[in-house]
Amino acid sequence: MLNKAKVENLAFRQDGPAPSDAKDTVVVRRNGNQLDLWIPTGPYHGYVTVQLSLADRFSEPYEIVVAKVNRWQVTGLAAAAAVILALPIWMIGRIKSSYTRDGHPCSVWTTLFLDQETDTYSLSKFQFLVWTAVSLFGYIFLTLAKSLMQDTVVFSDLPENLTGVIAISAGTGVLAPAITGIKGPKGAGSLNPSPADFITTGGLVVAERFQFFVWTLVGAVTFLFLIMSSNPSGIQGLPSIPAGFLQLMGISSFGYLAGKVARKPGPIINDIAAAVNASAPKLTRLKLTLTGRKLSRTASFKVDDIEMELGKHRFEVDAGASDADEQSASPSFYRVLTLAIDEPEASWLAPGSHTLMIINPDGQSADCQFELVPISGQAGISVPDQ
């Protein structure tokens with residue numbers, strides 16, 4: 001007599017080589033101590049109950065899933081279907097944005113994540129887009145698994161607390177620029193946007209951004225791993241997100257936003273005007289006029305990674321127009337600063353591009369390039385005297 005244990009140990013090989021006569025009927029063949037079943041996917045699909053009979057005796061019913069696709073095909077189809085994200089990305093790519101870098105339009109990646117005011121990547125945008133992409137893939141995976149493998153066409157429900165994760169991400173994405181508008185931006189840091197922008201502000205690694213970035217990756221990667229580990233023939237829903245993790249994510253977002261409130265704004269350089277005056281005997285003066293935001297008069301400066309020293313380079317800092325819209329809250333910040341350097345390094349006067357770094361007292365920095373061009377046919381620099 002066949003019992004339930006023996007039925008459960010029968011080998012059902014969905015990807016096995018089907019015999020030529022296995023078209024519309026179930027074929028059972030003995031293979032040593034086991035029975036191999038070939039079940040046609042035409043008349044049988046979805047959940048199928050299998051029973052074995054011997055004479056007038058029947059085994060306990062055993063439910064299996066018959067499908068035309070396997071788990072990796074479902075995964076591949078879900079990944080391909082997630083290309084729906086490519087539609088808005090393609091639309092962004094088709095927009096001729098007025099924002100360029102070095103005269104070239106920004107890439108789609110840069111457009112998606114860039115904070116144009118600081119020319120750095122936005123951490124709040126990163127979190128929202130990562131969770132959107134992971135959630136979209138998981139939902140498509142679940143829908144395809146139920147439709148193609150389980151033959152159950154339903155509008156699947158979202159897992160517990162996933163809506164809370166999306167709400168926290170969206171809320172953080174809205175509050176972050178609002179706080180920036182009130183307090184002022186973070187420092188611009190290095191010349192070009194970098195993945196390091198996700199954990200730094202003005203070139204400084206800060207704890208609240210670091211933990212926010214790490215917990216975003218941990219949550220998204222764990223959620224994706226659990227989806228990929230699920231058997232699509234039996235999956236009923238996406239992995240639920242524990243309430244504890246949701247609370248942790250909320251605390252992480254709060255810490256990130258609180259850091260933006262507590263930290264001073266950082267410097268941003270929009271433009272540099274360079275001038276050289278060599279008319280005085282034995283005196284060459286390099287004059288750099290910085291235009292931007294949150295430029296501190298007590299900042300330190302570097303040109304081509306060489307720090308300016310009062311005793312060596314004899315430079316002066318003059319404040320121009322004050323940051324009038326935020327003057328009452330931050331009276332030490334200016335929109336225009338002028339650096340007059342009486343004894344610059346010889347390398348700073350060489351024709352070509354040079355990099356100036358301003359470092360505010362709190363350590364936040366910003367870089368910008370200025371250009372000195374040789375006069376055609378003679379020695380010297382073509383920038384006008386001022």
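**Stop 1: the second largest pocket**

Start with helix 6, which gives the largest share of the lining of the second largest pocket, 6 residues. Keep in mind that this is a predicted model. The second largest pocket has a volume of about 300 Å³. Now select D115, S122, S124, A176 and P177: of the 23 lining residues, these are the closest to the pocket's centre. Next, colour the elements that give two or more residues to this lining: strand 10 (114-115), strand 11 (120-121), helix 5 (123-149), helix 6 (162-183) and helix 8 (243-262). Colour by class as well, and the lining shows 9 nonpolar, 8 polar and 6 charged residues.

**Stop 2**

Select D119. It lies in the loop between strand 10 and strand 11. Is D119 buried or exposed? It counts as buried, because its relative accessibility is 16%, below the 20% cut-off. Check its backbone too: D119 has a positive phi of about 60 degrees, yet it is not a glycine. Most residues other than glycine have a negative phi.

**Stop 3: helix 8**

Which residues of helix 8 are buried? Select F245, L246, M249, S252, S253, Y256, L257 and G259. Look down the axis of helix 8: the buried residues fall within an arc of 150 degrees, so they line one face of the helix. An α-helix has 3.6 residues a turn, so residues three or four places apart point the same way. Turn to the other side of helix 8, where Q247, I251, F254 and A262 are exposed.

**Stop 4: the largest cavity**

Stay with helix 8 and select G259 again, this time with K186, T201, K260 and R263. Of the 16 residues that line the largest cavity, these five lie nearest its centre. Helix 6, helix 7 and helix 8 are the elements that give two or more residues to that lining. About 150 Å³ of space lies inside. By class, the lining divides into 4 nonpolar, 5 polar and 7 charged residues. The structure holds 3 cavities of 30 Å³ or more.

**Stop 5**

Move to D304, in the loop between strand 16 (300-303) and strand 17 (306-307). Its phi is near 50 degrees, a positive value in a residue other than glycine. D304 counts as partly exposed, because its relative accessibility is 29%.

**Stop 6: S353**

Select S353 in strand 20 (residues 352-359). What does S353 touch, leaving out residues up to four places away in sequence? It touches F370 and E371. S353 and E371 are 18 residues apart along the chain, but their C-alpha atoms are separated by 4.5 Å. At 45% relative accessibility, S353 counts as partly exposed.

**Last stop: the whole chain**

Of its 386 residues, 41% are buried. Count contacts with a separation of 6 or more: 65% of them join residues 24 or more positions apart.

Note on methods: Residues numbered from 1 in each chain as written. Predicted model: local features only at pLDDT ≥ 70, side-chain atom pairs only at ≥ 80, totals over all residues. Heavy atoms only, no water. 1 Å grid on protein atoms, 1.4 Å probe; cavity = no way out; pocket = protein on both sides within 12 Å on 5 of 7 lines; lining within 4 Å. Points joined across faces, edges and corners; volume = space filled by probe spheres on them. Helix = DSSP H or I, 4+ residues; strand = E, 2+ residues; numbered from the N terminus. Nonpolar A, V, L, I, M, F, W, Y, C, P; charged D, E, K, R; others polar. Buried < 20%, exposed > 50% of the residue type's maximum accessible area, 1.4 Å probe, protein only. Arc of directions from axis to C-beta. Contact = heavy atoms within 4.5 Å.
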